[in-house]
Amino acid sequence: MAQNGVTLPVNMADGSAQDGVTNGVRRGDGSPAKKPRTALNTDFLSAMFDVMVKEALQEGLDVNSKVVEFKHPKDLESSMDLDIGQAGTPDQTLISMTKQIVKYSVKSGHPHFFNQLYGGFDPYTLAGAWLTESLNTSQYTYEVAPVFTLMEKTVLAKMCRLAGFQDGDAIFCPGGSVSNMYAINLARYKKYPSVKTAGMGGLPPLCIMTSETGHYSMKKGASFLGLGMDNVIAVKCDDKGRMLSSALEDAILKAKGNGMDPVMVNATAGTTVLGAYDPLVDIADVCEKYGIWMHVDGAWGAGVLLSGSLRHLMTGIERADSLTWNPHKMMGAALQTSAFLTRHKNLLSECHSAKAKYLFQQDKFYDVSYDTGDKSVQCGRKVDVLKLWMMWKAKGDNQFERDIDNIFACSRYLTKKLQSTEGFRLVLEEPECTNICFWYIPPSMRNKPEDRDWWEALAKMAPRIKQRMTEEGTLLIGYQPDGHRVNFFRMVVSNTSSTLYDMDFVVSEIDRLGRDL
């Protein structure tokens with residue numbers, strides 16, 4: 001359609017345009033003719049809200065509902081119309097499809113979801129997540145995110161204080177793995193600042209030391225940053241999965257003897273499988289002795305810093321150079337909420353800044369020190385702080401302490417119950433964190449010689465029981481082998497609303513599912 005000699009797209013033939021003025025149409029005085037913006041589709045949003053609240057939340061959190069309605073990939077794919085075509089889709093069809101999405105998705109807020117290092121439901125963090133999406137901005141400058149810039153500054157400063165980084169710096173990252181990569185990058189830059197501009201060509205072979213039970217993101221980070229996976233050296237642990245500081249020192253000396261330069265030691269506060277807390281004071285002593293950056297991967301376990309009775313598990317954290325902390329795990333914030341903290345005030349900016357003039361202009365009319373985006377390796381950066389701030393503001397430190405104490409109390413109760421219930425055997429008699437690892441031994445295997453064949457048979461029990469619980473939708477718990485140990489269940493209590501009743505259910509349900517095997 002043509003207007004005033006200008007051909008308009010069909011959807012703009014009425015004179016409307018994306019910027020709210022007519023496309024090339026002007027009044028007699030030459031000014032743009034204003035037209036109303038497209039009306040907000042409140043009917044669709046209201047219907048979507050109803051589905052989210054009634055089906056995803058009210059039904060999804062009901063203890064009598066299923067944790068998951070499982071379908072195999074090909075069956076699920078054939079039951080849903082996921083293709084995107086040339087024509088659009090009516091709102092009512094989208095609402096119906098949304099109900100399908102909810103039906104076949106895992107309900108991670110369900111009281112019987114213990115499958116990962118996250119879970120549970122909190123209305124305040126969800127409200128923060130919804131508001132974040134409604135405002136839809138990027139975190140890089142004060143110019144486009146004034147409130148969120150101040151909010152991030154406030155929350156991260158509090159987290160730094162809890163870690164003992166009194167004059168530190170921090171930033172939210174897209175997950176703990178990326179936070180750990182930040183640590184590698186800063187450690188390398190701190191020792192060899194020229195790497196930022198000249199690259200690694202003139203550097204000696206660099207290596208990283210990490211616990212043999214540490215997270216695999218160290219290897220990915222080393223690969224991504226050009227150090228190479230082969231230069232991530234695994235340090236021996238004790239039988240509880242904690243790094244041995246004596247073995248760390250031996251590994252450092254051996255690496256140096258082989259012409260390598262250790263630039264970082266990665267300690268862990270809450271390992272993924274056993275939930276071990278490395279001895280931070282001893283590791284800090286070794287790192288200080290050899291002048292090596294000490295990072296602590298507390299993605300899972302750093303939440304204990306909120307508890308007066310549990311923060312001793314991270315004694316010595318104030319001596320670390322950096323810390324990864326994921327509030328979406330033990331604290332229960334909505335995914336994803338991951339922070340990287342360092343005690344070195346300006347290092348993030350020095351290491352990462354590229355000073356893009358189109359974004360970080362230094363002659364802006366406000367205080368440009370609040371434009372924090374250049375500290376990140378990203379450009380556009382999602383606002384992750386609001387969902388954490390909303391929850392923390394609502395609860396305060398005191399309720400958070402009670403929440404953390406509760407999941408530990410539930411895990412201790414479960415440990416004792418497993419010790420006293422026939423057919424269950426703990427991997428660790430006294431777990432440090434809320435990871436409770438155990439085998440289930442069905443009646444057919446009890447009181448039998450525990451030879452090689454017996455252990456091979458036991459290794460098949462956890463996968464078979466996991467299949468049954470998933471297909472019935474009654475419970476979700478992970479399993480895995482670990483070193484010489486065959487498959488066992490890893491029960492993680494991360495839902496701050498968990499109860500002792502939930503712990504009782506786990507024991508009785510696994511026994512029901514596996515009794516006839």
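This is a predicted model: local features need pLDDT of at least 70, side-chain atom pairs count only at pLDDT 80 or more; totals for chains, interfaces and linings use all residues.

**Exercise 1.** Determine with which side chains the side chain of Ser322 makes polar contacts.

*Solution.* Step 1: the side chain of Ser322 makes a polar contact with that of Trp293, at 2.9 Å. Step 2: a polar contact also joins the side chains of Ser322 and His295, at 2.8 Å.

**Exercise 2.** Classify Ser322 as buried or exposed, and locate Ser322 in the secondary structure.

*Solution.* Step 1: the relative accessible area of Ser322 is 0%. Step 2: buried means under 20%, so Ser322 is buried. Step 3: Ser322 belongs to strand E11, which covers residues 322-325. Step 4: Leu341 is 19 residues away from Ser322 in sequence, yet the C-alpha atoms are 5.4 Å apart.

**Exercise 3.** Describe the largest pocket by its volume, its central residues and the classes of its lining.

*Solution.* Step 1: the volume is about 1,100 Å³. Step 2: the lining has 33 residues, of which Met52, Ala56, Leu57, Leu126 and Trp130 are the closest to the centre. Step 3: helices H1 (42-59), H3 (91-103) and H4 (123-135) each give two or more residues to this lining. Step 4: the lining of the largest pocket comprises 18 nonpolar, 12 polar and three charged residues.

**Exercise 4.** Identify which element gives the most to the lining of the second largest pocket.

*Solution.* Step 1: helix H5 (146-163) and strand E6 (169-173) each supply at least two lining residues. Step 2: H5 gives the most, with seven residues.

Terms used. Residues are numbered from 1 along each chain as its sequence is written. Side-chain values use heavy atoms; hydrogens and water are left out. Helices (H or I, at least four residues) and strands (E, at least two) are DSSP runs, numbered from the N terminus. Buried means under 20% relative accessible area, exposed over 50%, partly exposed in between (1.4 Å probe, protein chains only). A polar contact is a pair of N or O atoms within 3.5 Å; within protein, one must be able to donate a hydrogen and the other to accept it, and residues adjacent in sequence count only if both atoms are side-chain atoms. On a 1 Å grid over the protein atoms alone, a cavity is a set of points where a 1.4 Å probe fits but cannot get out, and a pocket is an open set with protein on both sides within 12 Å along at least five of seven lines; lining residues have an atom within 4 Å of a point. Grid points are joined across faces, edges and corners, and a volume is the space filled by probe spheres set on the points. Ala, Val, Leu, Ile, Met, Phe, Trp, Tyr, Cys and Pro count as nonpolar, Asp, Glu, Lys and Arg as charged, and the others, Gly among them, as polar.
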